[in-house]
Amino acid sequence: MKGLWIALLVCGYPLLFYGLFGGWWVAMTGTLLIVGLARLAWPADWRQRTGLCIPGRAALAAPVAYLACAALAFGLISRAAASHDVTFSPVWELERFGFAIAHSAAQTLNEEIVLGALLLNAVTVWWKRPRPILVSVAVAAAFALFHLAFYGLRPEGAVNMGLLGLPALAALFGIGVLRNNLILGSRHLGHAWALHFGWNTIFLNSAYLLGGQSLDEPQMFNLVLGHWMTVAAVLTGAAVATFVLRRELLERPGANLQPEVRP
């Protein structure tokens with residue numbers, strides 16, 4: 001039965017994460033199902049495997065990290081939009097502000113569980129003699145390439161079809177390294193989720209207009225993530241996280257969130 005629960009979690013994740021059925025509540029429903037299936041698959045250590053074993057101090061720091069990242073996102077996006085004559089309307093100026101925040105909270109949590117904690121543990125099991133820093137870099141590269149394929153391989157004329165430029169891909173790689181290092185170094189996803197949630201609150205829920213037309217998602221990525229200030233900020237953050245967590249990342253014998261956990 002364990003294999004069935006894992007298969008349902010992995011196969012159901014895209015439907016629950018990307019909201020193909022519409023509605024702000026879809027991501028929240030996905031969170032409940034993901035956690036429920038994880039508990040069925042790993043009843044003894046599901047919190048460690050999903051990265052949800054968050055210490056009290058980290059939980060208290062999460063709101064501060066969220067607000068700091070949201071403020072940073074607002075500043076970077078404002079500069080990027082102004083440099084390209086794009087009209088930027090932040091999320092709090094739009095309708096359904098509260099619903100957008102609720103969706104982002106669950107959507108980012110789902111991604112941190114499945115594409116963060118669970119993926120990092122799976123790569124560790126697959127990789128012989130894993131080193132956390134190598135696992136982090138490899139998963140970050142896959143994260144950037146996934147975004148390139150997700151938008152670039154759509155049929156011509158499809159919604160959100162477009163290619164991401166090298167600066168945006170470099171930023172995505174840096175984001176992946178930062179997120180992976182935070183999860184592997186702290187052995188939970190509290191910090192990574194707070195930063196991800198803060199960024200997406202502003203980045204994905206705001207409005208961008210150029211010449212009276214809304215930007216699609218690849219254009220948003222190239223505009224914001226491709227801006228030199230964003231690339232510099234992200235790569236600096238990834239380097240700082242690597243330095244601060246270097247002992248955990250370099251000296252630990254493996255990359256599991258909890259070394260005692262075994263498949």
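The model is predicted: local features need pLDDT of at least 70, side-chain atom pairs count only at pLDDT 80 or more, and totals for chains, interfaces and linings use all residues. Residues are numbered from 1 along each chain as its sequence is written, and side-chain values use heavy atoms, with hydrogens and water left out.

**Whole chain**

Start with a cartoon of the protein. It has 11 helices and 3 strands, in the order α-α-α-α-β-α-α-α-α-β-β-α-α-α. Helices (H or I, at least four residues) and strands (E, at least two) are DSSP runs numbered from the N terminus. The radius of gyration is 18 Å, close to the 18 Å of the globule rule for 263 residues, so the protein is as compact as a globular protein of that length. That radius is taken over C-alpha atoms, and the rule is 2.2 Å times the number of residues to the power 0.38. The C-alpha trace spans about 55 × 40 × 40 Å along its principal axes.

Of the 263 residues, 48% count as buried (under 20% relative accessible area, 1.4 Å probe, protein chains only).

**Nonpolar cores**

Next select I77, L172, W199, F203 and Y208. Among the 30 residues of the largest nonpolar core, these touch the most other members. Such a core is a set of buried Ala, Val, Leu, Ile, Met, Phe, Trp, Tyr and Cys residues joined through side-chain atoms within 4.5 Å. Helix 4 (56-83), helix 6 (132-152), helix 7 (166-186), helix 8 (190-203) and helix 9 (217-225) each supply at least two of its residues. Helix 4 gives the largest share, 7 residues.

A second, separate core has 25 residues, among them L109, V135, A192 and L245.

Now centre on Y208. Leaving aside residues up to four places away in sequence, Y208 touches partners including I77, V86, F88, F203, M220 and V224 (contact: heavy atoms within 4.5 Å).

**Second largest pocket**

Finally, show the second largest pocket, with a volume of about 320 Å³. Of its 15 lining residues, I6, V10, W42, L118 and A122 are the closest to its centre. Helix 1 (2-17) and helix 5 (97-126) are the elements that give two or more residues to the lining, and helix 5 has the largest share, 7 residues. By class the lining has 12 nonpolar, 1 polar and 2 charged residues.

A pocket is an open set of points on a 1 Å grid over the protein atoms alone where a 1.4 Å probe fits, with protein on both sides within 12 Å along at least five of seven lines; lining residues have an atom within 4 Å of a point. Volume is the space filled by probe spheres set on the points. Ala, Val, Leu, Ile, Met, Phe, Trp, Tyr, Cys and Pro count as nonpolar, Asp, Glu, Lys and Arg as charged, and the others as polar.

How values were computed: Buried means under 20% relative accessible area, exposed over 50%, partly exposed in between (1.4 Å probe, protein chains only).
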